[in-house]
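Trainee: I would like to learn how to read the inside of a protein model, beginning with a helix. Could you take me through it step by step?

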Amino acid sequence: MGLHILYDVLAKLFFFLQLALFIQCVFVASAAGMLASPLMRTVRRTPATNWAGAVAMRVLAEHILGITVEVIGAENLVHARNRPCIIVANHQNLLDTVWLSWVFPRRAVIVANMFISRIPVLGWFMRLGGNLFVKQGDNQSVRALFEDSLHYLEKERTSIVMFPEGKRNPSESGTLLEFKKGAFYLAYCTRAPIIPIAVQCTHPLYSWDSYRFRRNCIIRIRVLAPISTQCLAEEDIPALVSNTRNEIQKACISLTSIASHTDIAA
């Protein structure tokens with residue numbers, strides 16, 4: 001009984017230590033992005049501030065947190081270099097910050113919940129990077145987001161990263177929430193290609209309820225083939241939403257299975 005209690009105490013201590021390191025990494029990466037911001041603005045590349053912060057986060061995650069990311073299908077991201085794209089991915093937990101740093105385009109912004117803009121340092125960095133914020137359930141905020149997104153895609157030639165589930169998905173099995181159609185309607189309006197990204201279920205790597213935050217682990221993601229919207233009709237949007245969700249879901253299941261078998265072998 002005594003050893004069991006000691007184990008639980010040590011496990012919680014390790015969890016909070018790793019969580020504290022993660023928060024420090026986020027703040028340091030944000031500060032690095034802010035320091036790079038003046039230089040980026042002189043060459044009129046405000047969104048590149050986000051890329052600078054992502055590069056810093058990638059280095060910190062790998063060397064401080066002990067987390068690496070295996071990217072399958074990275075060649076599909078080349079499309080985001082040549083023209084603005086809409087990148088859609090499943091949304092889980094704070095580890096999204098880590099894997100995003102491996103694939104974040106040089107010229108892109110992300111759509112985030114409004115409360116993030118109020119977090120010291122991180123919120124300042126994201127505002128400097130020109131990222132977009134939305135208040136859930138606020139129609140005026142949603143309309144403003146749509147207009148700003150149109151501006152980025154059509155005028156600034158900047159890609160947008162969106163999470164069509166609309167919120168973090170707490171599923172322990174990796175089952176996706178239903179996708180909202182906003183990103184897909186935006187693609188229809190701008191004819192921007194959609195790049196789907198599937199991320200393995202990261203619940204075994206991080207769980208607040210279970211006091212779990214693993215080190216020396218790999219997050220596996222798959223960048224799926226870009227989806228052209230050049231000939232997309234408005235009535236085709238529901239089918240596009242459903243098909244994209246299904247493809248991401250299948251890839252998530254496959255990645256999670258690979259991760260599970262790898263852990264067992266280890």
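Mentor: The buried residues of H4 are Asp96, Val98, Trp99, Leu100, Ser101, Trp102 and Val103, where buried means under 20% relative accessible area, exposed over 50% and partly exposed in between, with a 1.4 Å probe and protein chains only. Helices are DSSP runs of H or I with at least four residues, numbered from the N terminus. This is a predicted model, in which local features need pLDDT of at least 70 and side-chain atom pairs count only at pLDDT 80 or more, while totals for chains, interfaces and linings use all residues. Residues are numbered from 1 along each chain as its sequence is written, and side-chain values use heavy atoms, leaving out hydrogens and water.

Trainee: Which residues touch the most other members of the largest nonpolar core?

Mentor: In soluble globular proteins, nonpolar side chains tend to be buried together. A nonpolar core is a set of buried Ala, Val, Leu, Ile, Met, Phe, Trp, Tyr and Cys residues joined through side-chain atoms within 4.5 Å. Here the largest has 47 residues, and Leu95, Val98, Trp99, Ile197, Phe213 and Ile219 touch the most other members. A second, separate core of 30 residues includes Phe179, Ala192, Leu232 and Ile237.

Trainee: What is Phe213 in contact with, leaving aside its neighbours within four places in sequence?

Mentor: Contact means heavy atoms within 4.5 Å, and the partners of Phe213 beyond those neighbours include Phe14, Phe22, Ile67, Leu95 and Tyr206.

Key: Helices (H or I, at least four residues) and strands (E, at least two) are DSSP runs, numbered from the N terminus.
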